[in-house]
Amino acid sequence: RKALVWFRRDLRHFDHAALYHALRDNDAVYAVFVFDRDILDALPSRTDRRVGFIHAAVLELDAALRARGGGLIVIDGRAEAELPALAARLGVDAVYANHDYEPQAIARDAAVAEALAAQGRAWRSFKDQVIFERDEILTQAGTPYGVFTPYRCAWLAALTPDHVASFPVAEHLARLRPPPVATPVPSLDALGFSACNLADLELPTGMSGGETLFADFRDRIDAYRQLRDFPARKGVSYLSAHLRFGTVSIRQLASYAWCHGGQGAETWLAELIWREFYQMVLWHRPEVVAHCYRPALDALQWDDWPEGFAAWCAGRTGYPIVDAAMRQLNQTGYMHNRLRMIAASFLTKDLGIDWRRGERYFAQQLNDYDLAANNGGWQWAASTGCDAQPWFRIFNPVTQSQKFDAEGRFIRRYVPELAAVPARFIHAPWTLPPVEQAALGLRIGADYPAPIVDHAAARARTLARFRVVAPAG
Ligand code: FAD
């Protein structure tokens, strides 16, 4: 029996559900990765950092498979058409892959499965990127959870060592087969993308990069709860892009956090559960991609303010914490979670702009862009989502800044115009008296923007906007 394993957002050769099952159940196993034109051609930029990240991960995966007697068949084309054609050329009995929960991927996989079935070949897919998927965690009434805390409790109550046990891929690696015809990984140039320097981003790539980051975080996990909200501190794991592309194994991460215990690890495990919560929401409610999770809130009347949106994107709103956050995103493709909440709240509640516009901008910029988490995060901040921030609770960008970047260390890093501003003024530099501005050689409104909105007035407008459609809160 022969099989083909299709790698997608699972770019590793260890603890891999589809690879394990293919190797266990077949005599000969091929591996394929498709640079999918349906995805690549839709990207707005030819310098997309994620293509660089994936490219590096594919190179490392190919080398690892080669070292074990296999190797990747690499295709540049449309996965939906290429996969069935390749399966036919190889004469495999089945194609193995891991579940994907995004609506477009579900449609693509259904089309591939149908084409394979027409050829008399099987499609086998497996849970891999989450511990619990789809409807494995339901309320006692058998419905999906709409609130996180009871979901987390049910998730933890259901967890057994089996759920986090690694798939023992290595036991069966002798069944790997090399590509019948050499298909080297194309260069980024050949794919139509220019190289971006991932080293500058301090984001190590591939399985080795994921392991380096996780090893570093294991030493810091006990402090996670205390430090995770402070963007100037090294408090979080920075593993999100690796989780997105599967260069780390969720079972190994969750297992470590679960066994390690303590407040830091428990808090971190809860973040991994948030990830699954939003995947579950997307699976049950795919319409959230375009609509508010709370349908009544689709009636919200957002403002159309192109200059406001452009200032937000560019990090030129005049609110230093928001601007530092957006500049971090634009420069590195990463934004700290606390800042994602502040920046998203600012766009929706201070500028009154539709969350979908911000969501789309993040989707273009984030190295770790994940439809479920991004949509969930945006709808949380906009108060339109599942277990979201209540609409009458509106972040004040100045007090958030004072609380989470008290000395302005993060702001100074990304907004160099304000580097010399004393900490007591850095959160609201427009309050700097003119003499002090002159002494610093800084003119607010010229060297750095004056605030584009008044927070108190914006807050009142937002409350009025929501009151129309959600009078009960
Ligand atoms: P850590 O704090 O180390 O957390 C570990 C992992 O848990 C993360 O890597 C991530 O996989 C998961 N996680 C943590 N917080 C959340 C959360 N709130 N929701 C879902 N998963 C979470 N995360 C993405 O992975 N992709 C996105 O596109 C994304 N967009 C977001 C948009 C907004 C508006 C908001 C408020 C949050 C978004 N998040 C997103 C969640 C979170 O901000 C990032 O996962 C986190 O900042 C990544 O950094 P880290 O790996 O160091 O996280």
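Four helices each supply at least two residues of the shell around the ligand: α10, α12, α15 and α17. Helices here are DSSP runs of H or I with at least four residues, and strands are E runs of at least two, both numbered from the N terminus. Please bear in mind that this is a predicted model, where local features need pLDDT of at least 70, side-chain atom pairs count only at pLDDT 80 or more, and totals for chains, interfaces and linings use all residues. Residues are numbered from 1 along each chain as its sequence is written.

| Helix supplying the shell | Residues |
|---|---|
| α10 | 240-245 |
| α12 | 262-284 |
| α15 | 337-350 |
| α17 | 371-381 |

The top contributor is α17, which gives the most to this shell with 6 residues. In total, 29 residues surround the ligand, and the closest are V236, S237, S240, N374 and G377; a residue counts as near if its C-beta atom, placed from the backbone, lies within 6 Å of the molecule. At least three shell residues come from each of domain 2 (129-165 + 208-284) and domain 3 (295-467), with bounds from an automatic or database domain assignment.

Now to the strands. β4 (residues 94-98) and β5 (residues 122-126) run parallel and are joined by 5 bridges; strands pair if DSSP finds at least two bridges between them. Y96 has R124 in β5 as its bridge partner. Between β4 and β5 the chain passes through helix α5 (residues 103-118), in a right-handed β-α-β crossover, meaning that the path from the first strand over the helix to the second runs clockwise with the strands pointing away from the viewer.
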